[in-house]
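Thanks for coming, everyone. Please bring up the model, and I'll walk you through it.

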Amino acid sequence: MDFRFSIPTPLEHFESLVSSDDGFPLLEAAAAVACIEYPQLDTQQVLNEVDQLLGQLMESRDASSRSALTRLKALNHRFYAEWGFQGNPNDFYALDNSCLNAVLHRRRGIPVSLAVIWLELAMALQLPAHGICFPGHFLLKVSVAEGQIVLDPLSGQSFSSNMLAEMLEPMQKAFHRVDEDDVPLGLYLQAATPRDIIARMLSNLKEVYRSDKNWGKLIEVQNRLLVLLPSEWTELRDRGLAYAELGVHDRAREDLQTYLNQTGNPEDAATIRAALLDLQRM
């Protein structure tokens, strides 16, 4: 009998993790995202490091309190005051801010990467916590007996409704959404699914690689976004444009043509058709 087994590629491993929303392993999927920048990364080591943090956290008497608010305070004290997790304002767009292995090592990250680690610990403490894909700044929320608390993953600071409304206002103006002034704030505070959170992480990496014109890495991000969100045709378009920049003209044509076929007559149809004509000449 032939007992040879093929080792899955990083993309295949990622695909296996995100194939179903049932039991979606948020922490492991986020660790797998870091394999784009660190191809040899042992994702199990990342999980082990978070388990070690959990072991330290459980040493606190308050971590097993019957009060959710007390458990929340115990988690935030460890996470921010003792372990020193925080944002990286001096280098906010560094790639390592989106890679969990580096975030664990440096204790620096962006809101969504810090939130993934925090959420894993909160789940172990049986805290009813969720991420929020708030415009411009990923947030956390926890339900306790005293009410709902919205937190900044960078610091653990809680936000009042007025503070959240002030945060939202410039985002609405930037996108000319003046007609959304009457939209209840609560609609922006809906719980994000694990799939939403991983998509947010990948979108952050996408912008960094695109800014650096690292088309090869950008295509790896796009491959994962298409696995994660197969019906998001704009991601197929963006992969096609990255292939064009990389000089892989046949793949670029295939992606861009499929984008047009699937979306009918999108707003950028003329631009994409012009790009296809240029690719055909090449």
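Axes here are lines fitted to C-alpha atoms, for helices over the stretch in contact, and angles run from 0 to 180 degrees between N-to-C directions. Helices (H or I, at least four residues) and strands (E, at least two) are DSSP runs, numbered from the N terminus. Two ground rules first. This is a predicted model, where local features need pLDDT of at least 70, side-chain atom pairs count only at pLDDT 80 or more, and totals for chains, interfaces and linings use all residues. Residues are numbered from 1 along each chain as its sequence is written, and side-chain values use heavy atoms, with hydrogens and water left out.

Start with helix 4, residues 68–82. It packs against helix 6 at about 140°, and the axes are 11 Å apart. Helix 4 and helix 6 are therefore oblique to each other. Which residues of helix 4 and helix 6 make the contact? Helix 4 gives Leu 72, Leu 75, Asn 76, Phe 79 and Tyr 80, and helix 6 gives Leu 114, Ile 117, Trp 118, Leu 121 and Ala 122. Contact means heavy atoms within 4.5 Å. That set divides into nine nonpolar, one polar and no charged. For the classes, Ala, Val, Leu, Ile, Met, Phe, Trp, Tyr, Cys and Pro count as nonpolar, Asp, Glu, Lys and Arg as charged, and the others, Gly among them, as polar.

Next pair. Helix 8 (194–211) and helix 9 (215–228) pack at about 160°, with axes 9 Å apart. That makes helix 8 roughly antiparallel to helix 9. Their crossing is left-handed. Among the contact residues are Ile 198, Leu 202 and Tyr 209 of helix 8, and Trp 215, Val 221 and Gln 222 of helix 9. The contact divides into 10 nonpolar, one polar and five charged.

The loop between these two helices holds Lys 213. Its phi is near 55°, positive in a residue other than glycine. Is Lys 213 buried or exposed? At 59% relative accessibility, Lys 213 counts as exposed. The cut-offs: buried is under 20% relative accessible area, exposed over 50%, partly exposed in between, with a 1.4 Å probe and protein chains only.

Arg 107 also has a positive phi, about 60°, and is not a glycine. It sits in the loop between helix 5 and strand 2. At 23%, Arg 107 counts as partly exposed.

Now helix 2, residues 26–33. Seven of its eight residues are buried. Its cover includes helix 1, helix 3, helix 5, helix 6 and helix 8.

Arg 239 lies in helix 10 and is buried at 13%. Its side chain makes a polar contact of 2.9 Å with that of Asn 223. A polar contact is a pair of N or O atoms within 3.5 Å; within protein, one must be able to donate a hydrogen and the other to accept it, and residues adjacent in sequence count only if both atoms are side-chain atoms.

Asp 268 is in the loop between helix 11 and helix 12. At 19%, Asp 268 counts as buried. Its side chain makes a polar contact with the Tyr 259 side chain, at 2.7 Å.

How values were computed
Angles under 35 degrees count as roughly parallel, over 145 as roughly antiparallel, 65 to 115 as roughly perpendicular and the rest as oblique. A crossing is left-handed if the near helix is turned anticlockwise from the far one by less than a right angle, and right-handed if clockwise.
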